[in-house]
Amino acid sequence: MSKYPIDRRHFLASAGALAAAACAWPAAAQTVKGPVRLVVGFPPGGAADMIARALAEPLKASLGTTVIVDNKPGAGGRLAADALRTAPADGTVLLVTPASVITMAPHLYKSVRYELVRDFQPLLPLARLDLGLYAGPGTPASVKTLPDLVKWMQDNPKAKSCGVPGIGSTPHMAAELIGRQTGVNWQLVPYQGDAPSFLALLSGEIPVGVSSLAGGIEHLRAGKLRMLALTGSDRSAVMPDIPTLKESGYDIVVEDRHSVIAPKALPAPLAASLRQAFAAAMQSRDVGDLLQRLSLQRAASTDDFAAVLKADSDRWAAAARSMNLALE
């Protein structure tokens, strides 16, 4: 006989709790049939690709199935998003992407066939994408803030240009809003991605640029570039001394986040299980180390991510209309 007897009621309660615990986590493994493909709309080596690959191993352990990263680059991530539109809604095909690919692009490009509410079910945000307004050696050292920049450009109208890593990108839209609201109305100079944009900024070819914090963090730390303002609703933990555009006196907030998106018809129980699996995978040490290397922060969790992205989409729709932007 046990030294510590257990009464029948206690035994049944304990057994029930153990059964519930045993069933809670493997729910996703019982419902996802076959390998899971994490589709990334960009080439290998980019932030979205690296995050997806870091998530693959912990997801494999929790889902009990193979997890494959499937790169489908092209059209700034829009080709992959369009492929998700017609993918099976059984949890085997998910998109890892900057949310702007589905919240912004449909309002800018005439050729986009997908729509956020009609075609997609946002599952959860992964990593926050901070954007910033950079100044390079083409601006005087006395230009340290956005108001400083506005005054300098007013005094030097020939210097009114700003580099962005591609037309139709989130930095492009942020630069449009900054130029219009400050009254600078600068000429935007598009480049094919972050790297050539930063090279132009470092060489003095352009005086300022809008791009990702992650892409320019090493140049900032080396003192080769200056950050005048960040575009988010609050300061970044990576660069806590840099003010936001709102703190600089302008009512501009531009935010983006790497996210997991599923087909619209994904059943609710399966969606809940996948959210749980991804949330747990995001806490793994490998993912944490990767985010630190990329100067990214985990995105804030939200109870209704779909509503957050719908609000973003509505704002971008209004912005595109006000700017009369329609891209091919």
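User: Let us begin with paired strands. In which sense do strand 5 and strand 8 pair, and over how many bridges?

Analyst: Strands of a sheet pair through backbone hydrogen bonds, either parallel or antiparallel. Here strand 5 (residues 131-135) and strand 8 (residues 208-212) pair in the antiparallel sense over five bridges. Two strands count as paired if DSSP finds at least two bridges between them. Helices (H or I, at least four residues) and strands (E, at least two) are DSSP runs, numbered from the N terminus. Please note that this is a predicted model, in which local features need pLDDT of at least 70 and side-chain atom pairs count only at pLDDT 80 or more, while totals for chains, interfaces and linings use all residues. Residues are numbered from 1 along each chain as its sequence is written, and side-chain values use heavy atoms, with hydrogens and water left out.

User: Which residue of strand 8 does Y134 stand opposite, and what is the order of strands in the sheet of five?

Analyst: Y134 stands opposite G209 in strand 8. The five strands form an open sheet of mixed pairing, in the order 7-6-8-5-9. Strand 7 (187-190) and strand 9 (226-230) are the edge strands, each pairing on one side only. From one strand to the next, the twist averages 30 degrees; angles run from 0 to 180 degrees between N-to-C directions, and axes are lines fitted to C-alpha atoms, for helices over the stretch in contact.

User: How many aromatic pairs does the structure hold?

Analyst: Rings of Phe, Tyr and Trp (its six-membered ring) pair if their centres lie within 6.5 Å; planes under 30 degrees apart count as stacked, over 60 as edge-to-face and the rest as tilted. The structure holds two such pairs. In one of them, the rings of Y134 and F198 have centres 5.0 Å apart and planes at 90 degrees, so the pair is edge-to-face. Y134 lies in strand 5 and F198 in helix 10 (residues 194-203), 64 residues apart, and the pair thus links distant parts of the chain.

User: At what angle do helix 10 and helix 11 cross, and which residues make the contact?

Analyst: The axes of helix 10 and helix 11 (residues 213-221) come within 10 Å and cross at roughly 30 degrees. The crossing is right-handed; a crossing is left-handed if the near helix is turned anticlockwise from the far one by less than a right angle, and right-handed if clockwise. D194, F198 and L202 of helix 10 make the contact with G215, G216 and H219 of helix 11, where contact means heavy atoms within 4.5 Å.

User: What is the angle between helix 3 and helix 13?

Analyst: Helix 3 and helix 13 (residues 285-293) pack at about 165 degrees, with axes 8 Å apart. They are therefore roughly antiparallel; angles under 35 degrees count as roughly parallel, over 145 as roughly antiparallel, 65 to 115 as roughly perpendicular and the rest as oblique. M50, I51, A54 and L55 in helix 3 meet V287, L290 and L291 in helix 13.
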